[in-house]
Amino acid sequence: PAMCQEARCGQRALPVIVICLILFCIEPGRADEILPIETILEHANSYAAHLVTFRGRIESFETDAPLPMKGCFRATRYLAVVTDESGSIQTLLCGKHIDESGVLRVGDHVVVRAVLEVKVDGLNLAVTATAARMERAIE
């Protein structure tokens, strides 16, 4: 009898768990969905502290990035400005800026998976993406 009650409790909890998983999986802006930079910037507060994926062209690449990055020494910190047809976003990268094809350079088209950081300074909204992965886009 006690074992049967535990089993029934587990059966009742299962639909709740499944619903939560479904809602999590269909949440807008999943990390595997490539979003236009404009969408990320327009809804920055919704994406803050979440993993997002975007695609664009490296417009500039700065070594020794001045922006702080947790767990990354300044000498191994890079700041790339990644731009698509809808906007641009500053992207921090820790460590070597290479992928399977070699060093990433200005002009390369890349896909970036990053955690979005949003800071509000008065009326200004500063959005920075901290890259978990940056690699050349397959054209």
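Visitor: What makes a contact a salt bridge here?

Guide: A salt bridge is a side-chain nitrogen of Lys or Arg within 4 Å of a carboxyl oxygen of Asp or Glu. Do keep in mind that this is a predicted model.

Visitor: Why is the contact between Arg133 and Glu135 called a salt bridge?

Guide: The N to O distance between their side chains is 2.7 Å. The cut-off is 4 Å, so the pair of Arg133 and Glu135 qualifies.

Visitor: How many salt bridges does this rule give?

Guide: The count is six salt bridges. One of them joins Arg136 to Asp99, with the closest N and O atoms 2.5 Å apart. Arg136 belongs to strand 8 (residues 124-136) and Asp99 to strand 5 (residues 98-99), so this pair ties together parts 37 residues apart in sequence.

Visitor: Why is Asp99 called buried?

Guide: Asp99 has 14% relative accessibility.

Visitor: Which residue meets Glu100 in a salt bridge?

Guide: That is Arg133, at 3.3 Å from N to O. Arg133 lies in strand 8 and Glu100 in the loop between strand 5 and strand 6 (102-103), so the pair links parts 33 residues apart in sequence.

Visitor: What makes Glu100 exposed?

Guide: The relative accessible area of Glu100 is 68%. Exposed means over 50%, so Glu100 counts as exposed.

Visitor: Which residues are joined into one network?

Guide: Asp99, Asp108 and Arg136 are, through salt bridges that share partners.

Conventions. Residues numbered from 1 in each chain as written. Predicted model: local features only at pLDDT ≥ 70, side-chain atom pairs only at ≥ 80, totals over all residues. Heavy atoms only, no water. Helix = DSSP H or I, 4+ residues; strand = E, 2+ residues; numbered from the N terminus. Buried < 20%, exposed > 50% of the residue type's maximum accessible area, 1.4 Å probe, protein only.
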